[in-house]
Amino acid sequence: MTDVIQHDVVVLGGGGAGLRAAIAIAQLDPRLSVGIVSKVYPMRSHTVAAEGGAGAVIKANDSLDAHASDTIRGSDWLADQDAVEVFVREAPGQLIQLEHWGCPWSRDADGHVAVRPFGGMKIERTWFAADKTGFHLLHTLFQTSLKYEQIRRYDEWFATRLLIEDGRCQGLTAIELRTGQLRCIAAKAFILCTGGAGRIFPFTTNGAIKTGDGMALAFRAGVPLKDLEFVQYHPTGLPGTGILITEAARGEGGILVNRHGRRYLQDYNLGTPLDVTDPHHPQKNTMELGPRDRLSQAFIREREKGNTIEGRYGDVVHLDVRHLGEKKIDKKIPFVRELCKNYAGIDPVHELIPVRPVVHYMMGGIHTDVHGATCVPGLFAAGECACVSINGSNRLGSNSLAEILVFGARAGAAAAQLATSGPAPNLSSLLAQLADEQQRIARDFINKQGGTRRIADIRLEMNHTMENGAGIFRDESSLKQTCRTLTDLRDAFRDVRLDDRSLCFNTELTSAIELGCMLDVAQALACSALARTESRGSHQRTDFPNRDDKQFLKHSLAYRTEQGPPRIEYLDVVITRWPPGERVYGK
Amino acid sequence: MPDQQVTLSVFRYRPGQDAEPVFQEYQVPYHDDWVVLDALNWIKESVDGTLAYRWSCRMGVCGSCGMMVNGVPRLTCAAFLREYYPAPIRVEPLANFPVERDLIIDLDGFLEKLKSVKPWVIRDGVDSATNGEYLQTPGQLARFKQYSMCINCMLCYAACPVVGLETNFIGPAALALALRYNLDSRDQGNAQRQQLLGSDEGAMACTFVGECTTVCPKNVDPAGAVQQEKVLAVNDWYYNVLVPWGKR
């Protein structure tokens, strides 16, 4: 009989949220055994690429209410305000905890942690470790996790299915990439921390691994995906590669200009620019420090007006940081200079940086409560793959790194509690499901006869239809076309063929499974966007240009159906102390 | 496809299928802004789905895509075809590691070494974050910051002649990481790390070839770290052997 690996809690994903959850469990109850299953080694997780910083109230001029207010206004009132209050209250403690674990936060001269402004903030509150904050945060968590012997890692194990028995999540199957064997891991609680799904779009800051696996696994297990239509475009990515140029470049004073050298954001209700030599530049909550959705939308309008600059990989505008000078650039945003020099052949000390909006972050994800719990007992989620929701229709810059810590730790605590009291997994049923999953993978991929379509071709078609139909601006006809194309692509996916039929490190097989996940997430996204006939935050419908609180002060919930597109339901947003109002920037 | 092409000669090995490694040649379209990783992705997507390698961020920070490019350890996301064109480019797995398959190496040993230096903040007594942040001046931060920049890409292990000969040598990245915590004003674990660092498997095994620092894509300067640790280890020996009663 095949062995079932058993733990008390299993975390899927070894990025910031997953590691934080695992450490929380290890600290709360050292008797619990924790497994971390990840398709990559933890230090490869995409948390590593976050640059600018993490938001939390630490300075005397700031307040929890101010952080909550900026977050809610940024979300265009789609965030749940009870969740936001929990988040802003717990974020400072989490960042201090990271400080105690050795995170090299940048400091003020007196030794206190330094902060800087990010877009959409009325008060600066972004902690940073130069401009490699995610990198330092991830490595600090990873290195700290090494001291807990009860945390067992399954690096390069690729999860393929959640095993639901008696209505509870009791196990998962995963391919051990080194051997190609499908394994079964049982636990009393599971936490999904698999990150976003930016790779469903053609042009993204996200690494190759961001394929929405956890979202798709939960969706197939019966958990709805919430607010998936809200996709954050970061306004400043390098053309071609999509490499992120952090918002910190603007937080430190960088400006955006069009082909005429005009700071065009002043034409989009984002305030009046101050000269870069003015001591009050950059102004918080204004111009280049407006929110990400507004800045990305302004780019499209500039392109329509012919004000952008033609580049090799499409139109761009220019990010200018030259006036900051070499010393400040090297101290505050050294990674920006490194990336520009190594990947674009540009030295931002002397040259303009070509940038364009690029898919960056999924506000939506697996529907959870403030403890990370989903509607399936035993199944939790945290981080970008989850939707609590604190981000609503547009995430405030620098909230995501704080979010993975706050809700990673909370999900860890809730899972630990369940694991101490919950029922034991039913191993014989899990083995039956394992056998079923083995047959599915063999039938659909490894031993498949016939099949004509290459993975890359289907993926490219998916990328293009998402960009064309579900990009920064959308309308009914573009979304309907995208939904139709996605249906066709799901059929095409059944006809996929693999060159590689071997077991050891079959990365073509994992690419195929990832593509299946992305198609599920893409379809849920497009269908949710089609159903939301209003414009809010990052979801801009040209045929419904206004926010409609009467109908849509609600979260979308996309449920998987046996056949056909997902079923969309709605759930009221929780409003506590911040009634919906107008989003005002530049004043 | 553009007119210009470049030849990639790629190391192939599939356990259970290939008796021994072979080099397979691929003709790849040449673009002056493509990196070696772009060429590998083109091969995998367009002509040969069986080629196996690791990659993710393609911006030099996840540390996955290190390989030998014409015999030199490189991050393939930052190695431009134009550096080699029109000559053929040879791509191999990182040297000094066992090969799992094709360009994928086994890093179990590396991770054990990383863990062996106790790369976490060690405090005397119980540490509680509820008392607020530790103060650390920019000057104190600057003492260790450089050594905290390692992305675990392992290029330095592939470049180090001692790693190739002495399998137990902790190696450049792990030694630099140990120094990173030893120099951190918040850490009190120096004594716990010193025994390993001063042992035959630690800094003293280094022959100071300096290749680790040459190939490091993040300017961590592991060679400099190892030299600092040698000095500390010698001081340790001095105190322990010659003045064992002396106050530390």
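Predicted model: local features only at pLDDT ≥ 70, side-chain atom pairs only at ≥ 80, totals over all residues.
Residues are numbered from 1 along each chain as its sequence is written, while chains are lettered from A and ligands numbered from 1 in the order in which they are written.

Chain B contains nine helices and seven strands. Here helices (H or I, at least four residues) and strands (E, at least two) are DSSP runs, numbered from the N terminus. Along the principal axes, the C-alpha atoms of chain B fill a box of roughly 75 × 40 × 30 Å. Of the 248 residues in chain B, 44% are buried. A residue is called buried if 20 or more other C-beta atoms lie within 10 Å of its own, exposed if 12 or fewer do, and partly exposed in between, with C-beta atoms placed from the backbone. Two residues are in contact if their C-beta atoms, placed from the backbone, lie within 7 Å. Among contacts in chain B between residues at least 6 apart in sequence, 65% join residues at least 24 apart.

Chain B is divided into domain 1 (5-105) and domain 2 (108-242); such bounds come from an automatic or database domain assignment. The centres of the two domains of chain B, taken over C-alpha atoms, are separated by 30 Å. Eleven residues of domain 1 of chain B are in contact with twelve residues of domain 2 of chain B. On the domain 1 side, the elements that give two or more residues are β3 and β4 of chain B.

These two strands also belong to a sheet. Strands of a sheet pair through backbone hydrogen bonds, either parallel or antiparallel. Two strands are said to pair if DSSP finds at least two bridges between them. In chain B, five strands form an open sheet with mixed pairing, in the order β2-β1-β5-β3-β4. Strands β2 (22-29) and β4 (72-75) of chain B stand at the edges, each with a single partner strand, so one side of each is left without a neighbour in the sheet. Neighbouring strands of this sheet are turned by 35 degrees against each other on average, direction ignored. Axes are lines fitted to C-alpha atoms, for helices over the stretch in contact, and angles run from 0 to 180 degrees between N-to-C directions.

Helix α1 (residues 36-47) of chain B packs on the sheet and touches β1 (5-12), β2, β3 and β5 (89-92) of chain B. The direction of this helix makes about 95 degrees with that of β2(B). Within the sheet, β1(B) and β2(B) run antiparallel and are joined by eight bridges; Thr7(B) stands opposite Gln27(B) in β2(B). By contrast, β1(B) and β5(B) run parallel, with three bridges, and Leu8(B) has Ile89(B) as its bridge partner in β5(B). Strand β3 (residues 66-69) of chain B runs antiparallel to β4(B) and is joined to it by four bridges. Gly66(B) is there the bridge partner of Leu75(B).

Where does chain B meet chain A? In all, 45 residues of chain B are in contact with 44 residues of chain A. The elements of chain B that give two or more residues to this side are α1, β6 (99-101) and α3 (138-145). The largest share, three residues, comes from α3(B).

In chain A, strand β3 (residues 34-38) is mostly covered, with five of its five residues buried. Val34(A), Ile36(A) and Ser38(A) lie on one side, and Gly35(A) and Val37(A) on the other. Strand β2 (residues 9-12) of chain A runs parallel to β3(A) and is joined to it by four bridges, and Val9(A) stands opposite Val34(A). Strand β7 (residues 151-155) of chain A also pairs with β3(A) in the parallel sense, over five bridges; Ser38(A) has Asp155(A) as its bridge partner there.

Finally, a nonpolar core is a set of buried Ala, Val, Leu, Ile, Met, Phe, Trp, Tyr and Cys residues joined through C-beta atoms within 7 Å. The largest one has 260 residues, and Val9(A) and Phe190(A) are among those that touch the most other members. Its largest share, 15 residues, comes from helix α14 (residues 507-531) of chain A. This core also draws at least three residues from each of domain 1 and domain 2 of chain B.
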